[in-house]
Amino acid sequence: MPPISRRISSGFGRRGLLRERLAEARSRFKDEPKTAFVLSGGGVLGSVQVGMLRALTEAEIRPDVITGCSVGAINGATFAADPTRAGVDRLVRLWSNLADGKPDLMPRTMMPLIAQLSFKRASIHDPAVLEEMLRDELPALTFSELRVPFACVATDAHQASAYWFDSGPLIPALMASAALPAVYPPVEIGGRLLYDGGVVNELPLQWALANGARTLYILQVGHLDPRPLEPQKPFDSLMHAYWTARIQRVEEDLAEISDDCDVIRLPAGGSPRVRFDDWSQSRQLMTASYESSRTFLATGQGPDPAEGPTSSL
């Protein structure tokens with residue numbers, strides 16, 4: 001059986017080798033620049049990306065490649081299978097169902113979160129419900145069935161590095177990319193223990209750049225709120241520190257992009273705080289991001305793309 005994944009380059013974790021790889025890619029693809037949609041992680045805030053995708057599709061902006069991390073991998077793969085208005089409608093329906101608890105991916109209990117975290121097991125939630133939803137909802141089961149080239153990223157826990165998927169079965173790759181530590185257990189593939197890609201690569205730019213992307217639409221959600229947070233409990237401080245580390249990596253990666261690339265960061269349309277397991281605001285988040293992104297794409301004006309929703313415990 002062929003491997004379901006491969007590492008694009010171990011050099012992606014090292015700045016010097018990253019520059020070399022991107023320089024090679026620029027030379028190889030200089031006559032055929034491509035457009036990429038890059039979807040970040042963000043958990044329950046992934047509905048924001050659906051509004052962005054709707055605005056992009058209506059503006060007839062089409063991707064040549066798509067990359068995703070965590071929930072962005074799930075949204076990205078679904079759209080890559082059907083990059084049309086019908087494909088967006090599929091995502092709208094999926095997220096509307098999640099808002100109604102169908103399925104309930106992270107069922108709440110009467111037990112306090114701190115007590116759940118003390119259990120002697122790898123995660124709070126069983127990933128089986130998420131896997132079943134993907135099997136029911138995804139219009140493709142392998143990377144080769146997708147209509148737009150797509151890659152997603154996970155975190156290799158043993159190597160402390162990004163691990164990229166761009167071939168083979170789709171669902172195991174998405175499960176690995178979305179295995180948020182403590183919430184879902186790590187996924188073992190080929191002897192590797194894989195966690196959520198956002199642990200080391202929140203905004204998966206590298207594969208798109210290495211495959212000729214020169215225009216990048218950034219669909220970033222999850223930790224964009226610039227307001228100073230006032231933690232009410234220890235877990236708030238932990239979450240704030242976690243998001244801060246991810247922001248720092250995103251800004252570093254964006255700074256590495258060559259000046260010959262166009263980077264368009266779409267606005268999220270608001271900055272509510274949402275509990276990490278609360279899907280109920282999905283419809284409102286989709287609508288807000290759609291209206292904001294539609295205005296931004298049509299006029300170049302709109303809310304600051306650096307502002308957006310944030311999740312908390």
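A nonpolar core is here a set of buried Ala, Val, Leu, Ile, Met, Phe, Trp, Tyr and Cys residues joined through side-chain atoms within 4.5 Å. In the predicted model, the largest such core holds 60 residues, and those that touch the most other members are Phe37, Trp95, Leu134, Phe150, Phe165, Leu174 and Leu219. Helix α3, spanning residues 71-81, supplies seven residues, the largest share of this core. Apart from it lies another core of 20 residues, which includes Val38, Leu203, Trp207 and Ala213.

The protein chain as a whole comprises ten helices and ten strands. Of its 313 residues, 51% are buried. Among contacts between residues at least 6 apart in sequence, 79% join residues at least 24 apart.

With residues up to four places away in sequence left out, Leu174 touches Ala73, Ile74, Ala77, Leu134, Leu138, Phe150 and Cys152. Three of the residues named here, Ala73, Ile74 and Ala77, are also listed among the buried residues of α3. Helix α3 is mostly covered, with eleven of its eleven residues buried. Besides Ala73, Ile74 and Ala77, the buried set consists of Val71, Gly72, Asn75, Gly76, Thr78, Phe79, Ala80 and Ala81.

Asp82 is placed in the loop between α3 and α4. Because its relative accessible area is 15%, and buried means under 20%, Asp82 is classed as buried. Neighbours within four places in sequence aside, Asp82 is in contact with Gly87 and Arg147. Arg90, by contrast, is partly exposed, with a relative accessible area of 26%; this residue belongs to helix α4, residues 85-99. Arg90 touches Thr78, Glu137 and Pro139, not counting residues up to four places away in sequence. Arg90 and Glu137 are separated by 47 residues in sequence, yet their C-alpha atoms are 8.3 Å apart in space.

The packing of a further pair of helices was also examined. Two packed helices are described by the angle between their axes and the distance between the axes. For helix α2 (residues 47-58) and helix α10 (residues 282-299), the angle is about 35° and the axes are 7 Å apart. The crossing of α2 past α10 is right-handed. On the side of α2, the contact is made by Ser47, Val48, Val50, Gly51, Met52, Arg54, Ala55, Leu56 and Glu58, while α10 contributes Ser282, Leu285, Met286, Ser289, Tyr290, Ser293, Arg294 and Leu297. Classified by residue type, this contact has nine nonpolar, five polar and three charged residues.

Strand β6 (residues 192-196) pairs with strand β3 (residues 150-156) in the antiparallel sense over three bridges. Within this pairing, Tyr195 of β6 is the bridge partner of Thr155. Phe150, which lies in the residue range of β3, is one of the core members named above as touching the most other members. Strand β5 (residues 187-189) likewise pairs with β6 in the antiparallel sense over three bridges, and Val187 stands opposite Leu194 in β6. Strands β5 and β6 form a hairpin with two residues between them. In the turn of this hairpin, Gly190 has a positive phi of about 60°.

How values were computed:
Residues are numbered from 1 along each chain as its sequence is written. This is a predicted model: local features need pLDDT of at least 70, side-chain atom pairs count only at pLDDT 80 or more; totals for chains, interfaces and linings use all residues. Side-chain values use heavy atoms; hydrogens and water are left out. Axes are lines fitted to C-alpha atoms, for helices over the stretch in contact, and angles run from 0 to 180 degrees between N-to-C directions. Helices (H or I, at least four residues) and strands (E, at least two) are DSSP runs, numbered from the N terminus. A crossing is left-handed if the near helix is turned anticlockwise from the far one by less than a right angle, and right-handed if clockwise. Contact means heavy atoms within 4.5 Å. Ala, Val, Leu, Ile, Met, Phe, Trp, Tyr, Cys and Pro count as nonpolar, Asp, Glu, Lys and Arg as charged, and the others, Gly among them, as polar. Two strands pair if DSSP finds at least two bridges between them. Buried means under 20% relative accessible area, exposed over 50%, partly exposed in between (1.4 Å probe, protein chains only).
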